[in-house]
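Could you have a look at this one with me?

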Amino acid sequence: MSLETPDKIGSLQRKLYCKAKAEPNFRFYLLGWRKLPRRWCWSRSSRRTSRTVLTAIDRAVARSMRSRKCTGSSSGATPIIDADLSKYFDTIPHADLLKSVARRIVERHVLWLIKLWLQAPVEERDDDGKRRMSGGKGNKRGTPQGGVASPLLAVIYMNRFLKHWRLSERGEAFRAHVISYADDFVILSRGRADEALTWTRTVMTKLGLTLNEAKTSLKDARRESFDFLGYTLGPRHHPKGGDWYLGASPSKKSVQRIKTKIGELLRPRNKGTWPEVRERLNRLLGGWSAYFCYGSLTSAYAAVDQHVYDRVRNFLRKRHKVQGRGSERFSREYVYGESAVLCLRSGHRRPPPRALR
């Protein structure tokens, strides 16, 4: 196809997008609830995709809650199987993975190239700086983490489990929904979570994978919290009305992770000019808040803003050799005003979603 005009480029983009929509095997997520509105089914960015997955969990639990109220029984509990695969990228068997790839790619030279790529040696260094080699021709498992093709190959192999779930009609048998994002997945069931977990463990063993028993847990979504895609989902009380609802917020690990990155950026040994440092800081905060924009955000944003202020004030105090804490010269108004550091709470005005009331 010629790409000489903008119209032809746009036509090619539409064709590629339609082709991607028609290939469910290569989706990074799968929603087990079929009645999700169509406008949520195809997202073009990881931010919207993660929101789609989290929304599906909210709506599935809300559906279970409505079923309990309508029937008047106590069987409407929604146990969550918070599953975690042990070293998923490192344990994918090459032979079965190449069979899955061969169902979509018929060019033998491409398959041969993928096989060589899977067996390429990888050089790594530990925390002490020591070099360690992995992979090689004798390696029969795993895809190199960080490799350009690893995420796609991991999704292709994970689809074997999801396809078996659909074809064997486990959703109807276990009264359950499986919601998957790449190699992370949760299973929501009503009354048959133990059976679903046993079946999942058996299937994963046949696929050459292993559930991490220490991290895989069974919880009641309406009474216990669990972490998924960097968020903590679970029961909450509205701060004003006191109503109970199922909500989501950035997990403690996610908040601590961004704090660590901010601390590494604003170390005194950073000799970059303040405009350069500020630009990197704002880009870091903007990317984090663009992903964590779903659910109850006030407390997480407040914690990050306070940490940013403390680190920026300490950074500028040492650079300008100011005595004391520097609170007067580098006040909060100065940091978030004149210095133009991004304040997360300034752009947060949306109330938290309330799936269950």
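Here are my notes, point by point.

1. First, a caveat: this is a predicted model. Please read everything below with that in mind.

2. The largest pocket holds about 590 Å³ of space. It is lined by 19 residues, and those closest to its centre are Asp84, Asp184, Asp227, Leu229 and Gly230.

3. Which elements supply at least two residues each to that lining? They are strand S2 (79-83), strand S6 (184-189), strand S8 (226-228) and helix H9 (252-265). Sorted by class, the lining of the largest pocket comes to 9 charged, 7 nonpolar and 3 polar residues.

4. Now the helix pairs. Two packed helices are described by the angle between their axes and the distance between the axes, so I'll give both for each pair below.

5. Helix H4 (residues 94-102) packs on helix H5 (residues 108-118) with the axes 11 Å apart and an angle of about 150°. Angles over 145 degrees count as roughly antiparallel, and that is therefore the label for H4 and H5. Their crossing is right-handed. On the H4 side the contact uses His94, Leu97, Leu98, Val101 and Ala102, and H5 answers with Leu111, Ile114, Lys115 and Leu118. That contact divides into 7 nonpolar residues, 1 polar and 1 charged.

6. What about helix H6 (residues 150-167) and helix H8 (residues 193-206)? Their axes come within 11 Å and cross at roughly 135°, so this pair is classed as oblique. The crossing of H6 and H8 is right-handed. H6 brings Met158, Phe161, His164 and Trp165 to the contact, where they meet Trp199, Thr200, Val203 and Met204 of H8. There are 6 nonpolar and 2 polar residues in the contact of H6 with H8, and no charged ones.

7. Last pair: helix H10 (residues 274-291) and helix H11 (residues 298-319) have axes 13 Å apart, at an angle of about 170°. H10 and H11 are therefore roughly antiparallel. From H10, the residues in contact are Trp274, Val277, Leu281, Leu285, Trp288 and Ser289; from H11, they are Tyr301, Val304, Val308, Val312, Phe315, Leu316 and Arg319. By class, the contact of H10 with H11 has 11 nonpolar residues, 1 polar and 1 charged.

Note on methods: Residues are numbered from 1 along each chain as its sequence is written. This is a predicted model: local features need pLDDT of at least 70, side-chain atom pairs count only at pLDDT 80 or more; totals for chains, interfaces and linings use all residues. Side-chain values use heavy atoms; hydrogens and water are left out. Axes are lines fitted to C-alpha atoms, for helices over the stretch in contact, and angles run from 0 to 180 degrees between N-to-C directions. Helices (H or I, at least four residues) and strands (E, at least two) are DSSP runs, numbered from the N terminus. Angles under 35 degrees count as roughly parallel, over 145 as roughly antiparallel, 65 to 115 as roughly perpendicular and the rest as oblique. A crossing is left-handed if the near helix is turned anticlockwise from the far one by less than a right angle, and right-handed if clockwise. Contact means heavy atoms within 4.5 Å. Ala, Val, Leu, Ile, Met, Phe, Trp, Tyr, Cys and Pro count as nonpolar, Asp, Glu, Lys and Arg as charged, and the others, Gly among them, as polar. On a 1 Å grid over the protein atoms alone, a cavity is a set of points where a 1.4 Å probe fits but cannot get out, and a pocket is an open set with protein on both sides within 12 Å along at least five of seven lines; lining residues have an atom within 4 Å of a point. Grid points are joined across faces, edges and corners, and a volume is the space filled by probe spheres set on the points.
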